[in-house]
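Colleague: I would like to go through the labels on this model one by one. Please give me the value behind each.

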Amino acid sequence: MGHLTGEVSYSKGLEGVVAAITSIAVIDGEAGKLIYRGIPIELLAEHSNFEETAYLLWFGDLPKKDELENLKRDLIEHREVPEELVDCIKKAPRDTHPMEILRTCVSMGGCFDTDKNDNSRGANIRKSIRLTAQMPTMVAYYSRARRGLDIVPPNSNLSHAQNLYYMLTGEIPNEEISRLVDVILILHMEHGMNASTFAAMVIASTLSDIYSAICGAISALRGPLHGGANERVLEMLQEIGSVENVEPYIMQAIKEHRRVMGFGHRVYKAYDPRARILKEYAERLSKEKKNTKWTQIAEKIEEVMIREKGKKGIFPNVDFYSGIIYNLLGFPKEVFTPIFAIARVVGWTAHVLEYLQSNRIFRPRALYNGPLDVEYIPIEKR
Ligand code: CMC
């Protein structure tokens, strides 16, 4: 039994395991730094926008003017979804979570893609752009249908970020909100070898199609330990209800070894740089909207958690302040995780495109600790 002898190494949850080589992004977990293609996330959040950062992640460099214009045009052109998907969205049971709708629509969208039988790099780039263009429409259409509102078709005069806000709320965002949505999307676009990206890469490594890979990634992102945490954070803030309740709530959670949503990270052992930026925006927006209740509760949670858990490297992550911003923007909480997916699809597809250039199927092993040489007992004697 060769698998029981010799040198084997095992890392639960693949902690510390290097599964690929990438030039897309790097995280310095000790210093709290995130870098896309060599550019610190703070610079992109300050100066860039969704389309430009998507180009950077997919193609490796910031686009020249005509390259950016072409990508913008392509993204606008493919925003509409096939009529059959709109039908599916309208007929879905209203208690379906938008992440389930997104997974279903991406899967169904793959059936309508004109490049569906082409797994070449060119076709996969086209499919990545189409998926990125259509996912906001899928989410916004269902979110409005779920709320009993008329769907708002995409507006080709608006940027990707503006159009997302417009399709969700029915209102054209002002400059400040447009900027904020761009920043949110940039911060969520890419994050190295996280669970959903790895899920996409495992699927793509079998030479399955990119729609299947993204369905897998959406499914992985949905869980509360990953992208599903942002929705849970708002639920926690609502449950806590006031600044005075924070201390007993968090101390009880710690006593019962419960996870406090929006805190902790496998890689960051310092403050997540995305959370730092989102915190500033959350504070600014809450003052403007004259609704500081959630930020006050959040800041108190942060204070207690850092006091109790900071020594262990547990700090707020990207999901802690994003939900407050979405809530202040008037987005229903069930679209928080889909917005994460709408941004992260760029990182997912960038990694799939990169990995397929020198593909090898992912095929790890498991350490067997079950019995051997067990006798077969006929059913009547068991
Ligand atoms: N609240 C309380 N304790 C925590 C938390 C938390 N949020 N996160 C980790 N810990 C503790 C954990 O109990 C363990 O303590 P001990 O060593 O005493 O048993 C220690 O920290 C290490 O935890 P772990 O489970 O081994 O860490 P991990 O790297 O496997 O998990 C994580 C990372 C993000 C799943 C985890 O921190 C967590 O569950 N956080 C809450 C959910 C969350 O906010 N997820 C979003 C992550 S960021 C965005 C994204 O990737 O989607």
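Modeller: Start with helix H9. Ser196, Thr197, Phe198, Ala199, Ala200, Met201, Ala204 and Ser205 are its buried residues. Keep in mind that this is a predicted model.

Colleague: What makes H9 largely enclosed?

Modeller: The count does. H9 spans residues 195-205, and eight of its eleven residues are buried, so the rest of the structure largely encloses it. Buried here means under 20% relative accessible area.

Colleague: What covers those buried residues of H9?

Modeller: The cover includes helix H10 (210-221) and H16. Contact in that sense means heavy atoms within 4.5 Å.

Colleague: Which residue just after H9 takes a positive phi?

Modeller: Leu207, with a phi of about 65°.

Colleague: Where else is phi positive in a residue other than glycine?

Modeller: Leu14 is one case, with phi near 55°. Leu14 sits in the segment before S1. Lys290 is another, with phi near 50°. Lys290 belongs to the loop between helix H13 (273-288) and helix H14 (293-309).

Colleague: Why is Lys290 called exposed?

Modeller: Its relative accessibility is 74%. Exposed means over 50%. Lys290 therefore counts as exposed.

Colleague: And why is Leu14 called partly exposed?

Modeller: Leu14 has 41% relative accessibility. Buried requires under 20%, exposed requires over 50%, and partly exposed is in between. So Leu14 counts as partly exposed.

Colleague: Is Gly13 buried or exposed?

Modeller: Exposed. Gly13 has 53% relative accessibility, and the cut-off is over 50%. Gly13 also lies in the segment before strand S1 (25-28). Its C-alpha atom is separated by 30 Å from that of Thr96, 83 residues apart along the chain.

Colleague: Which residues make the contact between H5 and H16?

Modeller: First the geometry. Helix H5 (residues 98-112) packs against helix H16 (residues 336-356) at an angle of about 35°, with the axes 8 Å apart. H5 contributes Pro98, Met99 and Leu102, while H16 contributes Thr337, Pro338 and Ala341.

Colleague: What makes the pairing of Asn49 with Glu51 a polar contact?

Modeller: The Asn49 side chain reaches the backbone nitrogen of Glu51 at 3.3 Å. The limit for a polar contact is within 3.5 Å. So the pair meets the distance limit. Asn49 itself is in the loop between helix H1 (41-47) and helix H2 (50-59). Leaving out residues up to four places away in sequence, Asn49 touches Asp182 and Ile186.

Colleague: Now the ligand. How many residues surround the ligand, and which are the closest?

Modeller: There are 21 around it, and the closest are His226, Val260, Phe263, Arg266 and Lys312.

Colleague: How much of the ligand does the protein bury?

Modeller: Taken alone, the ligand exposes 940 Å², and the protein buries 71% of that.

Conventions: Residues are numbered from 1 along each chain as its sequence is written. This is a predicted model: local features need pLDDT of at least 70, side-chain atom pairs count only at pLDDT 80 or more; totals for chains, interfaces and linings use all residues. Side-chain values use heavy atoms; hydrogens and water are left out. Axes are lines fitted to C-alpha atoms, for helices over the stretch in contact, and angles run from 0 to 180 degrees between N-to-C directions. Helices (H or I, at least four residues) and strands (E, at least two) are DSSP runs, numbered from the N terminus. Buried means under 20% relative accessible area, exposed over 50%, partly exposed in between (1.4 Å probe, protein chains only). A residue is near a molecule or strand if one of its heavy atoms lies within 4 Å of it. Accessible areas come from the Shrake-Rupley method with a 1.4 Å probe; for residues, only the protein chains shown count as cover. A polar contact is a pair of N or O atoms within 3.5 Å; within protein, one must be able to donate a hydrogen and the other to accept it, and residues adjacent in sequence count only if both atoms are side-chain atoms.
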